[in-house]
Every structure is written in C-alpha cells, then in structure tokens.
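Here's a quick briefing to read with the model open beside you. Take a look at the fold, then work through the notes below.

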Amino acid sequence: MYHLQHHGAVSGVTGSCHRLTVDSGESLLVDCGLFQGAEATASGEPDSEQDRTRIGFEVGSVRALLVTHCHIDHVGRIPYLLAAGFDGPIYATSATCELLPMVIEDALKVGVTRNRSIIDGVVGALASQLVPMDYDHWFDVAGFEQSSAPVKARFRVAGHILGSAYIELDIGTESLACDRKRVG
C-alpha cells in the first residue's frame, strides 16, 4: 500500500528527509533537511556544497512536504527542493510557518549567496507554498485525492522548539507516526 524511503538522518541525525510513496506513485516528504558535519559527505572528507545540499531523488512525484520543525537539519534543503521543481504545498504548524522564511533567508545569506534577488525569489516561493496547520487537526494532504490510498495528516505537539511537531499519517486504513528524528 505504501513504501517509505529515508533520504537523510539514517546513519546519523542530520539531513532529515523521509519520503512516503503510495501504490499510485504519488509521494510526500517529511522534512528536507541539510546534512551537517561528518554526515555531509559520503566519504567523510571535508564537506562540499553539493554533498550537503543534494536532493538525491526525482521530485516529480512529490505532491507535498510536511515539516516537523525549523532546525536547519530538517529544513535546509528546501531551497534546493524548490529549485529542483517542487511546487506543492508545504504543511507545517502555524509557528513553524512564521519562522521558516526567516530561517531559510538567514541560511541562504550565511551559506549560499548574498544576492538579494535570489534570496527574495526563494523566500517568496516558499512563503506562497506554506500552509499553516493547527495542532491536532486532521487534514487531507493535497495530491492524494484520486489515489487508492488517500493520505490524511495531523501535527501533534512535540515540545522540542517553538512550533515543533511529530506527524501522524493516515494512509487509507493504516496509520504512521513521524517524529522529529525517526519515522516509523
């Protein structure tokens, strides 16, 4: 009915990115974080921009992104996800939606570019895709309406940082809970 792949935070804790794909081929992401430190490269050598920011999978089937909280190791690859063509909704708690554009803008200025038009373009795209959600409210995840396994989600209080959540998913008749460091 579904398949879960981990594209970060597998052998370590940074780069949190987990993709759930249903039988119809549509998928969603939980987080899209930046790899940091030794986890930034497969070889363990000093990290390169390409290693830290790689998406590593085709984004054409990704219908939505759900964000657990706005630490950079959970959201830092979002600009690269957008650049790769992702234009679906980005669901997060209301507080995370308020913080996320500022966190991404700061990360871009510190680690990528000071070009104001690039920064404004990324932050503008991000802001237009954000969908603030209340805690404990089930919602239909866009892009799965016609699927044989419609997906519903809700954010639950995690108590980690302002706006942090773990995510419960209801896929047809099955449920999963996704927290800030582990999916399962």
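Is Thr21 buried or exposed? At 17% relative accessibility, Thr21 counts as buried (buried means under 20% relative accessible area, exposed over 50%, partly exposed in between, with a 1.4 Å probe and protein chains only). Keep in mind that this is a predicted model, where local features need pLDDT of at least 70, side-chain atom pairs count only at pLDDT 80 or more, and totals for chains, interfaces and linings use all residues. Residues are numbered from 1 along each chain as its sequence is written, and side-chain values use heavy atoms, with hydrogens and water left out.

**The chain overall**
- You'll find five helices and 10 strands in the chain (DSSP runs numbered from the N terminus: helices are H or I with at least four residues, strands are E with at least two).
- Of the 184 residues in the chain, 47% are buried.
- The accessible surface comes to about 8500 Å², and 51% of that belongs to carbon and sulfur atoms (areas are from the Shrake-Rupley method with a 1.4 Å probe; for residues, only the protein chains shown count as cover).
- Take the contacts in the chain with a separation of 6 or more: 57% of them come from residues 24 or more positions apart (contact means heavy atoms within 4.5 Å).

**Thr21**
- Thr21 sits in strand E2, residues 18-22.
- Leaving aside residues up to four places away in sequence, Thr21 touches Met1, Tyr2, His3, Glu26 and Ser27.

**Ile161**
- Look for Ile161 in the loop between strand E8 (151-157) and strand E9 (165-171).
- With a relative accessible area of 27%, Ile161 is partly exposed.
- Its contacts are His69, Cys70 and His71, not counting residues up to four places away in sequence.
- Ile161 and Ala95 are 66 residues apart in sequence, and their C-alpha atoms are 9.9 Å apart in space.

**Helices H4 and H5**
- H4 (residues 94-111) packs with H5 (residues 116-129) at an angle of about 155°, the axes being 10 Å apart (axes are lines fitted to C-alpha atoms, for helices over the stretch in contact, and angles run from 0 to 180 degrees between N-to-C directions).
- The two are therefore roughly antiparallel (over 145 degrees; under 35 is roughly parallel, 65 to 115 roughly perpendicular and the rest oblique).
- On the H4 side, Leu100, Pro101, Ile104, Glu105, Leu108 and Lys109 meet Arg116, Ile119, Val122, Val123 and Leu126 of H5.
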